[in-house]
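This report walks through a structure for a reader meeting it for the first time. Please look over the sequence and the model before reading on.

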Amino acid sequence: MKHIDAYRNGDLARGLAATIAAEAKPERQYNFMEFCGGHTHALARYGIVDLLPANVRMVHGPGCPVCVLPIGRIDMAIALALEHTAIVCTYGDVLRVPASAGLSMQKAKARGADIRMVYSPADVLQIARNNPSREVVFLAIGFETTTPPTALVIQQAQRENLPNFSVLCCHVLTPSAIGHILTSPEVAEWGTLPLDGFVGPAHVSIIIGSAPYEPFATQFNKPVVISGFEPLDVMQSILMLVRQVNTGRAEVENQFTRVVTREGNRAAQAVCEQVFELRDSFEWRGLGEVAHSALQIRPAYAAWDAEKKFTLPYLRVPDHKQCDCGAILRGVKRPTDCKLFATVCTPDNPMGSCMVSSEGSCAAHYTYGRFRDIPLVTHP
Amino acid sequence: MCLALPARITRLLDDSMAEVELGGVLKTISVALAPEAQLGDYVIVHVGHAIGLLDEDEARATLALFAELAQHEAH
């Protein structure tokens, strides 16, 4: 497939790996955090970790929107379906995220809740049009990539004056999470790895551009390379980070120039600005409350805001005591450090959020990496 | 969740919609967020919406750079 296959060429990957190994200085350690779950998945799926020299370590960050969605938000969606008998629609990955009382949206569906998986928010509008006697709610999650389509459907619902459609808005912002990783006092409490740079978001940056990451380079002295999701993209970005560290630079560089500009997608930014405003604070699973890190629907569109329409309270719910997702999302621990990993917590029966989406750190390691930890034994 | 793929616009439709083709599969998507998209352009498709245009010149430049960076092994 054009613009996909060419970025997965094995010979070029081996050549890039050799270049990284040659340029990474043996006397120092390089710790880079990849923010997006898509990068985590690419690193695990294509075996990139095995191609990197031992002193270049990739640390998985909190960049999977499914993984950072707190239990209390899923409980709200389940309550809408079970108590308000609404049709609740969301993206596929969200259905399996563990919620309170041993439930998930999938399990609530088994109890009779009308919960439906959608590919696009436009599909939810159609469900609302087809079911005028039912309340239809879209549990909208995701980073800046997924936010503009949600904004478009809210505007469309207003144009059509669709009274039975609303959105439970859980959209979160990428730069806030990176800032939190670098500054939060809780991070100091947990302990954190010294990070030498970030592999910056790919598709998020199509929308917001590369400019919002510039403060991390200037204020925190951390290099950021905006990277595409294909394996060669990720490897080139790692090489660009190694080169920045070696030369003492801390800049925002853009590897994904075929789609990302400094300014981003102005049309998408405009529609988001019209529909959404900043929340004062939002709870992230694993990170806790993060100030100005999420969006809510503006009062002008309150009729389509499920939180206002159903006066839904948000209740904070702690994660499973043994679950280490919080530390894993901050890059402090690895999936294998968690007692639940690959024992009671598996992709078929996820206990923590990192195991749910294929882009989660634990799911990626479970699927592609767990046998790498076992030393090979040669029989005589 | 963040899956987004490059697909080529094969037909522009009414109401900011377009038909795209990816590996032989045709799909109708919204181009409201990429209003400058033209017939034959590659767009990045995410949750049924084109969220950006793919710059073919930059794509070629990136591929050329990969080849250059990967030369180390040959030397």
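## The second largest cavity

In this predicted model, the second largest cavity is lined by Phe35(A), Cys36(A), Gly37(A), Thr40(A), Gly61(A), Gly63(A), Cys64(A), Cys67(A), Leu329(A), Glu359(A), Gly360(A) and Ser361(A). Strand E1 (30–36), helix H2 (37–45) and strand E2 (56–63) of chain A each give two or more residues to this lining.

The volume of the second largest cavity is about 50 Å³, and its lining comprises five nonpolar, six polar and one charged residues.

## The largest cavity

A search of the whole structure turns up two cavities of 30 Å³ or more, and the largest holds about 70 Å³ of space. Its lining includes Cys323(A), Asp324(A), Cys325(A), Cys338(A), Cys345(A) and Cys362(A), and by class the residues of that lining are ten nonpolar, one polar and one charged.

## Where chain A meets chain B

The contact draws 45 residues from chain A and 37 residues from chain B, and the area buried between the two chains is about 3,400 Å², with carbon and sulfur atoms giving 70% of that area. On the side of chain A, His3(A), Tyr119(A) and Arg258(A) supply 17% of the area that this chain buries against chain B, more than any other three residues.

Across this interface there is one salt bridge, in which Lys2(A) pairs with Glu56(B), their closest N and O atoms lying 3.5 Å apart. Ten residue pairs are in polar contact between chain A and chain B, both residues being at pLDDT 80 or more. The side of chain A that touches chain B has 26 nonpolar, twelve polar and seven charged residues.

Conventions:
Residues are numbered from 1 along each chain as its sequence is written. Chains are lettered from A and ligands numbered from 1 in the order in which they are written. This is a predicted model: local features need pLDDT of at least 70, side-chain atom pairs count only at pLDDT 80 or more; totals for chains, interfaces and linings use all residues. Side-chain values use heavy atoms; hydrogens and water are left out. Contact means heavy atoms within 4.5 Å. Buried area is the accessible area (1.4 Å probe) that two parts lose on being put together, summed over both. A salt bridge is a side-chain nitrogen of Lys or Arg within 4 Å of a carboxyl oxygen of Asp or Glu. A polar contact is a pair of N or O atoms within 3.5 Å; within protein, one must be able to donate a hydrogen and the other to accept it, and residues adjacent in sequence count only if both atoms are side-chain atoms. Ala, Val, Leu, Ile, Met, Phe, Trp, Tyr, Cys and Pro count as nonpolar, Asp, Glu, Lys and Arg as charged, and the others, Gly among them, as polar. On a 1 Å grid over the protein atoms alone, a cavity is a set of points where a 1.4 Å probe fits but cannot get out, and a pocket is an open set with protein on both sides within 12 Å along at least five of seven lines; lining residues have an atom within 4 Å of a point. Grid points are joined across faces, edges and corners, and a volume is the space filled by probe spheres set on the points. Helices (H or I, at least four residues) and strands (E, at least two) are DSSP runs, numbered from the N terminus.
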